[in-house]
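Could you look this one over with me before we discuss it? I've put my notes below as numbered points.

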Amino acid sequence: MQNAKDSFYLALRTRLAAVNPERTVLLRGALRPGILVEEAEAPVAQHPVDAFVLRWLGLGIDIDLSSAMVAEECEILYSTCGTQAFGGLDRGRMLTAMDEEIIAILQPFYTPKFNYAVQTAVAMQTNLFWDEPTFTPINVQRDRLSRSVKVVVYSYREQGE
């Protein structure tokens, strides 16, 4: 499943850089597109605002098919405090903008699967795909508005995985 998780993240990161190149996050001294994988970063008390955080949840395998299909649920968390220019009063607009960005980067609902464990990524034989996103209600925590989106990512297990 690691190849599918890596491919999903890199597809979303590439799409986000095309949809909104200004959405970036500064982590460990590096400026990157504003999307990260929670399990691949240092633990933090609170996720950065104005960035998307991928969190992998449950895992399932269907072995009744000719090739085993793996499904893993991904929750994409995001939050904003608005901008300083408007004293945070635009936080609703900023969250709506992030809603639209997540919808844009999730389409199309598939991407090729790559093996990123090798020095130069190698394309695998199958694609991974995911279902339509399910949005949670807005969560208000002091000056921060948060929301998450859940999708189930499917991939076929290939030889060597």
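What follows is a walk through the helices, a strand residue, the salt bridges, a surface patch and some backbone details.

1. **Ground rules.** This is a predicted model, in which local features need pLDDT of at least 70, side-chain atom pairs count only at pLDDT 80 or more, and totals for chains, interfaces and linings use all residues. Residues are numbered from 1 along each chain as its sequence is written, and side-chain values use heavy atoms, with hydrogens and water left out.

2. **Helix α1.** Start with α1, which covers residues 2-19, 18 residues in all. Helices here are DSSP runs of H or I with at least four residues, strands are E runs of at least two, and both are numbered from the N terminus. From first C-alpha to last, α1 reaches 25 Å, close to the 26 Å expected at 1.5 Å a residue; the expected span is 1.5 Å times one less than the number of residues. The buried residues of α1 include Phe8, Tyr9, Leu10, Leu12 and Leu16, and also Lys5 and Arg15. Buried means under 20% relative accessible area, exposed over 50%, and partly exposed in between, with a 1.4 Å probe and protein chains only.

3. **Helix α2.** The 15 residues of α2 (91-105) reach 21 Å, close to the 21 Å expected. Which residues of α2 are buried? They are Leu95, Met98, Asp99, Glu101, Ile102 and Ile105. These cover an arc of only 165° around the axis, so they sit on the same side of α2; the arc is that of the directions from the helix axis to the C-beta atoms. On the face turned away from that buried side, you'll find the exposed residues Arg93 and Glu100.

4. **What α2 packs against.** The buried residues of α2 pack against α1, β3 (35-37), β4, β5 (69-80), β8 (134-135) and β10. Contact here means heavy atoms within 4.5 Å.

5. **Ser155.** Next, look at Ser155 in strand β10 (residues 144-156). Ser155 counts as buried because its relative accessibility is 3%. Leaving out residues up to four places away in sequence, Ser155 touches Met1, Ala4, Ala68, Met69, Val70, Lys113 and Leu128.

6. **Arg55 and its two partners.** The whole structure has eight salt bridges, each being a side-chain nitrogen of Lys or Arg within 4 Å of a carboxyl oxygen of Asp or Glu. In one of them, Arg55 pairs with Glu38, with the closest N and O atoms 2.8 Å apart. Arg55 is in strand β4 and Glu38 in the loop between β3 and β4, so this pair ties together parts 17 residues apart in sequence. Arg55 also meets Glu75 in a salt bridge, at 3.7 Å from N to O. Glu75 belongs to strand β5 and Arg55 to β4, so here the tied parts are 20 residues apart in sequence. As for cover, Arg55 is partly exposed at 27% and Glu38 is partly exposed at 28%, while Glu75 is buried at 11%.

7. **Other salt bridges.** Glu158 and Lys113 meet at 3.8 Å, N to O. That pair links distant parts of the chain, with Glu158 in the segment after β10 and Lys113 in strand β6 (residues 110-115), 45 residues apart. Both Glu158 and Lys113 are buried. There is also a network of salt bridges that links Arg28, Arg32 and Glu41.

8. **A nonpolar patch.** Which residues make the nonpolar surface patch of about 330 Å²? Leu59, Ile61 and Ile63 do. Leu59 is in strand β4 (residues 52-62), and its 56% relative accessibility is why Leu59 counts as exposed. Patch residues have over 30% relative accessible area and no salt bridge; like charges are joined within 9 Å and nonpolar side chains (Val, Leu, Ile, Met, Phe, Trp, Tyr) within 5 Å. The areas come from the Shrake-Rupley method with a 1.4 Å probe, and for residues only the protein chains shown count as cover.

9. **Backbone details.** Most residues other than glycine have a negative phi, and most peptide bonds are trans. Arg28, in the loop between β1 (24-27) and β2 (30-33), has a positive phi near 50°; Arg28 is exposed at 65%. Arg142, in the loop between β9 (139-141) and β10, has a positive phi near 55° and is exposed at 81%. Finally, check the cis peptide bond between Gln107 and Pro108, where omega is about -5°; Pro108 lies in the loop between α2 and β6.
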